[in-house]
Amino acid sequence: AFPRLNAFSLWTFVAGAIEPPEGRLEVPLHPARKGQTRPAVPGEPGAQAATTVYVTQKRWRIASLLEARPHTGRHHQIRVHLRAAGAPILCDPLYGRALMPDALAGAPCSRLPTHALRIDLPAAPGGATQLRACCLELVYLAKAGGCAVILVGHVTKEGQLAGPRLL
């Protein structure tokens with residue numbers, strides 16, 4: 001699904017906590033019924049290697065905030081890896097219901113509590129994709145550092161607006 005390693009990372013809330021607080025989850029995955037994925041049985045034909053790196057950002061009594069970064073990009077990889085580690089994503093209807101703490105079991109959720117923290121895209125130097133990627137990086141740094149960012153565009157020789165319109 002993702003052509004390069006470390007293509008993105010996300011923050012997500014999980015039930016409980018993973019020990020150690022940071023590490024690698026290397027669990028081969030296998031397609032399952034109804035479009036789902038499951039951990040593969042050792043030596044199972046069709047199993048695909050999958051690695052997810054995680055770092056615990058914050059822990060509470062019954063939940064944690066994790067940063068997770070897939071190194072392979074398999075279908076539902078992060079969701080299956082976190083469930084296999086005993087800390088499913090909160091409110092995950094496919095992989096998390098059975099392991100949800102009682103205090104959170106009936107929590108109304110309309111979607112998974114995840115946030116794309118970083119998306120890295122390959123781009124041609126000076127191209128529109130690179131400009132957008134750089135602006136996303138600036139916004140990420142501004143949010144992380146609590147500061148403002150001012151972006152300035154210009155008019156090209158052809159008379160077209162460059163910069164803000166592309167952003």
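Which residue follows α1, and is its phi positive or negative? In this predicted model, α1 is followed by G86, and the phi of G86 is positive, near 85°. The description below sets this helix in the context of the chain as a whole, then turns to the nonpolar cores, the aromatic pair and the surface.

The secondary structure of the chain consists of two helices and nine strands. Along the sequence these elements are arranged in the pattern β-β-β-β-β-β-α-β-α-β-β. Of the 167 residues in the chain, 29% are buried. When contacts between residues at least 6 apart in sequence are considered, 57% of them join residues at least 24 apart.

Helix α1 is mostly covered, with six of its eight residues buried. The buried residues of this helix are Q77, I78, R79, V80, H81 and L82. Their cover includes the strands β1, β2 (22–26), β3 (29–31), β4 (37–39), β5 and β6. Q77, which is placed in helix α1, has a relative accessible area of 2% and is therefore buried, the limit for this class being under 20%. Beyond its neighbours within four places in sequence, Q77 contacts L29, A50, T51, T52, P70, H71 and T72.

In soluble globular proteins, nonpolar side chains tend to be buried together. In the present model, the largest nonpolar core comprises twelve residues, namely F8, L10, V14, I18, L25, Y54, L66, A68, I78, L82, A87 and I89. At least two residues of this core are supplied by each of β1 (8–15), β6 (63–70) and α1 (77–84). The largest share, three residues, is contributed by β1. Another core, of five residues, lies apart from the largest one, and A15, A63, M100 and L104 are among its members.

I89, a member of the twelve-residue core, touches T12, F13, V14, I78, R79, L82, M100, L112, P113 and T114 when residues up to four places away in sequence are not counted. Among these contacts of I89 are I78 and L82, both of which are buried residues of α1. The contacts of I89 also include M100, which belongs to the separate five-residue core.

The structure holds one aromatic pair. This pair is formed by F13 and W60, whose ring centres are 6.0 Å apart and whose planes make an angle of 35°, a tilted arrangement. Because F13 lies in strand β1 and W60 in the loop between β5 (51–59) and β6, the pair ties together parts that are 47 residues apart in sequence. F13 has a relative accessibility of 33% and is classed as partly exposed. W60 is likewise partly exposed, its relative accessible area being 43%.

On the surface, L138, V149 and L151 form a nonpolar patch. Together, these three residues present about 210 Å² of accessible area. L138 is located in helix α2 (residues 128–145). With a relative accessibility of 36%, L138 is counted as partly exposed.

Terms used: Residues are numbered from 1 along each chain as its sequence is written. This is a predicted model: local features need pLDDT of at least 70, side-chain atom pairs count only at pLDDT 80 or more; totals for chains, interfaces and linings use all residues. Side-chain values use heavy atoms; hydrogens and water are left out. A nonpolar core is a set of buried Ala, Val, Leu, Ile, Met, Phe, Trp, Tyr and Cys residues joined through side-chain atoms within 4.5 Å. Buried means under 20% relative accessible area, exposed over 50%, partly exposed in between (1.4 Å probe, protein chains only). Helices (H or I, at least four residues) and strands (E, at least two) are DSSP runs, numbered from the N terminus. Contact means heavy atoms within 4.5 Å. Rings of Phe, Tyr and Trp (its six-membered ring) pair if their centres lie within 6.5 Å; planes under 30 degrees apart count as stacked, over 60 as edge-to-face and the rest as tilted. Patches are made of residues with over 30% relative accessible area and no salt bridge: like charges are joined within 9 Å, nonpolar side chains (Val, Leu, Ile, Met, Phe, Trp, Tyr) within 5 Å. Accessible areas come from the Shrake-Rupley method with a 1.4 Å probe; for residues, only the protein chains shown count as cover. A salt bridge is a side-chain nitrogen of Lys or Arg within 4 Å of a carboxyl oxygen of Asp or Glu.
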